[in-house]
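Okay, thanks everyone, I'll keep this short. Have a look at the sequence and the structure on the screen, and then I'll talk you through the rings and the interface.

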Amino acid sequence: MTEQDFITQQKPTWCPGCGNHAMWIALRQALAELNLKSENILMVFGIGCSGNGANFFKTNVWHSLHGRTVPTAVGAKLANKNLTVLAIAGDGDGYGEGMGHLVHAIRGNANVTYIVHDNKVYGLTTGQAAPTAEQGYRSKSTPAGIIEEATNPIALALAAGGSFVARGFAGQAKHLKELFKAAILHRGFSLVDVFQPCITFNKINTFKWYFDRLYNLDQDKNYNQQNLRQAFQQSTVWGKKIPYGIFYQNKRTTYGDNLPQLQGQALVKRPLKTRNIKQLLTEFS
Amino acid sequence: MTRNNLSWKIGGEAGFGIKSAGVMLGKIFMRSGYEIFDYTEYPSLIRGGHNTFQLMVDPNKANSVSQSVDILVALNQESIDGYLVELSHSGLVLYDQAKAKLSARQAAKYKIEGLALPLSDLAKDSGGGLMRNVVALGATLALVGQNLSIANGVIKENFKRKGSTVVNNNLKALKSGFDYIKKNYQGNFFCQLPKLPAKDNILISANESLALGALVGGLNFYVAYPMTPSSSILHYLASVAEKTGIVVKHAEDEIAVINMALGAAHVGARAMVATSGGGFSLMTESLGLAGITETPIVMVNVQRPGPATGLPTWTEQGDLQFMLRAAQGEFPRIILAPGDAQESFDLAAQALNLAEIYQTPVIILSDKLIAEGSTTVQKFKSNTIRVNRGKLLTQTQLNKIKNYNRYQITGDGISPRALPGMRGGVYIANSDEHNPLGFSDEGGDNRHQQVDKRWAKLETLAKKLPPPIIYGNPKAKNTVVIWGSTKGVVLDVYHQLSQKQQRKIKIMQVQYIWPLADKFITEVLNKSRKVLLIENNSNASLGQLIAQETGFKIKNKLLKYDGRPFFREEIFSILDKF
């Protein structure tokens, strides 16, 4: 497979220069390099600019509702563990409408990769502040500046017990590709929050803004990805310098591993026929 | 006294073992050849508050409760003060003399007999004060002329998992209540229920039978969030999940529930969710998602009185119009309303087939009365049910299709369905309006075609739909229209009517709420001289639907919406003169 095999005939509708293009390519490359076949991948998209990507990836796709990618992906993975399941959301989608699902999916640790497009705005609805917007950010819905503190998805995922917590940047496509590969290969729920500047509506958090600040944890020899304390510490670094890369990873068992009835063949691969309930009736007799 | 049926009620605080005592007694009578229907009233809390459990024991099928009670077991004063009024004339109240008093004035006023028993002392002597309920069971059995052989077996089974000490104490408690009556009221029994030949019955609630029906129908993925009165479906399926090899997931909320189920259904699982009105409200957006993506899903709404929290532990049929309209936009759905435990079993299995054949959501509309009340039914047979996966493609079939179109325009509206994981079957299941390939498409012509295609599925189904069920005299000119759980009480009362009165009445039960068998219903109603609609709600929601679809407005309505089901007496007084 090459990355070209994952392209549909649909023309991307993202703005020229949008970080989504780089994410699109990086993910296609990751899928190709992992030798995955289109028919064995299920991508679950939400609603927003990221969600419009549903039309551009040639894999099995479920284009979900706003905020609901994660539970859908978990359900699909439990029913067919042979599939590589990815949930793709935006920051409004995943951290606004669907925030609750994230925490619970992390608790369960189903083997799903969750990629969140983080540009701190609602691009598709013309630029309102997203939950990741920095305090004071002015937008159509927050003309005097947003009062709420920005949500910190990395710290949140670590606190919830995340087994793979990472941050990528659309401006570092090669690194992003490797990050996606690592996340997909990780057995368990992996969160990859990706800085993906919205060039149309966010005039503050631009590509340059990130280039000036980002440093790569993966290149730091003293950084230990298995050290939760260190991960927490790095997750709160924000301002002049901002870390990216894999913050934390562990080998916790997955939801499917812990369900005896999911051992062996994938649930949907077992013959589906009328079930004999004779034994079950005993307790009612 | 000779009689062959019994209305028995036990009352006390939540936590007194009211329900467990009732369920055990039900099982004892079932094994003695009787038919059972039980009904429980309880507030939404775990300790304190007043609970009652009523058991109808009858040699013939029982599907409802009467208002009047023959034996009332009172574990506290409130059970006497609040429920004496329900005792039938010459009824008996059996009460714990340590916890309650029956005044001579009360006994005289209601013309009832009181039986003060040392339930607390007997329980303590058997090993624990909590066993008052079991002592009362023993006393009850003595009063109605039964022996303890069957009861001992039920007690042993019931307490087995708690260890031999608990089993033995409860056996002692049972015997102490039984012996006390035998010793102190020798020969003066309340009645002698005759011995009946044993039947091959089970005692089961509609929730449990719905779960079993779904299992027979191939259910392999169940997700839910607890909500009264649907939770026992979750409890039951969770208890057999490993044994049956199905996934049962308690998700974080109802929105997660439905979306997890849709994810599983999308990749080929037979998925079902259950909740009550509140949880269903949270699922509505995703109901529409199932509609537009044409994903098979079975959604169970076990109704309770709303809106909002409403009366959480009581019964009502208030959600029919909601089920018809839930979610924005227009798409086909199928709504089934079982009237009892047997129908819940049958329709659950069928719902899974319908969902997959028509690739659209199927809603099962039940309610608290049948969902939590147990009844005797003949042991279910699974050999009449076949799994039908409709136009689900095999890999071999898919190999022959050159360019696979998931949402291909077809005459019957149903398009061949491939699953993720199949070669050549890759497609996008899209919440946006989409073209036959699944890609987002906002073109006007495409929109028309896809909307029409989806509606066509309902027309296809409408042609194959079984008509409403007719009971009683099919030629009668007086028609009673019912749906759901009111079936039980209406049929029970029908059988109590004189033969002359029975000949005047037919009963039409609408089991398939949507699509509605409008032609059949129009014909029945137009041929009727008198029509009576009976619904457990304030708004006559089936009546509204019938008026909408047939133009026939049923004026004569019997509606009840106080959270209680119809009692036999209420229906009898109407049908007797109908």
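Predicted model: local features only at pLDDT ≥ 70, side-chain atom pairs only at ≥ 80, totals over all residues.

How many aromatic pairs does the structure hold over all chains? The count comes to 20. Let me pick out one of them, Trp24(A) with Phe56(A), which is an edge-to-face pair with 6.2 Å centre to centre and 65° between the planes. I like this one because Trp24(A) sits in helix α1 of chain A, residues 19-33, while Phe56(A) is in the loop between β1 (41-45) and β2 (60-63), so the pair ties together parts that are 32 residues apart in sequence. Buried or exposed, these two, Trp24(A) and Phe56(A)? Both are buried.

Another edge-to-face pair is Trp209(A) with Tyr210(A), at 5.0 Å centre to centre and 85° between the planes. Again, both Trp209(A) and Tyr210(A) are buried. And that pair belongs to a cluster: ring pairs link Trp209(A) and Tyr210(A) with Phe169(A), Phe195(A), Phe207(A), Phe211(A) and Trp238(A).

Back at Trp24(A), the charged end of Arg28(A) sits over the ring, 4.2 Å from its centre. Over in chain B, the ring of Phe16(B) has the charged end of Arg132(B) sitting over it, 4.8 Å from the ring centre.

Okay, on to the interface. Chain A puts 49 residues into the contact and chain B puts in 67. The area buried between chain A and chain B is about 4800 Å², and carbon and sulfur atoms give 64% of that. Which residues of chain A lose the most area to chain B? Those are Trp62(A), Arg275(A) and Phe284(A), which together make up 17% of what the chain A side buries.

What about polar interactions? Between chain A and chain B there are zero salt bridges. What we do get is 18 residue pairs in polar contact between the chains, counting pairs with both residues at pLDDT 80 or more.

Methods:
Residues numbered from 1 in each chain as written. Chains lettered and ligands numbered in written order. Heavy atoms only, no water. Phe/Tyr/Trp six-rings, centres within 6.5 Å; stacked < 30°, edge-to-face > 60°. Helix = DSSP H or I, 4+ residues; strand = E, 2+ residues; numbered from the N terminus. Buried < 20%, exposed > 50% of the residue type's maximum accessible area, 1.4 Å probe, protein only. Lys NZ or Arg CZ within 6 Å of the ring centre and 35° of its normal. Contact = heavy atoms within 4.5 Å. Buried area = accessible area lost by both parts, 1.4 Å probe. Salt bridge = Lys/Arg side-chain N within 4 Å of Asp/Glu carboxyl O. Polar contact = N/O pair within 3.5 Å; in protein donor to acceptor, adjacent residues only side chain to side chain.
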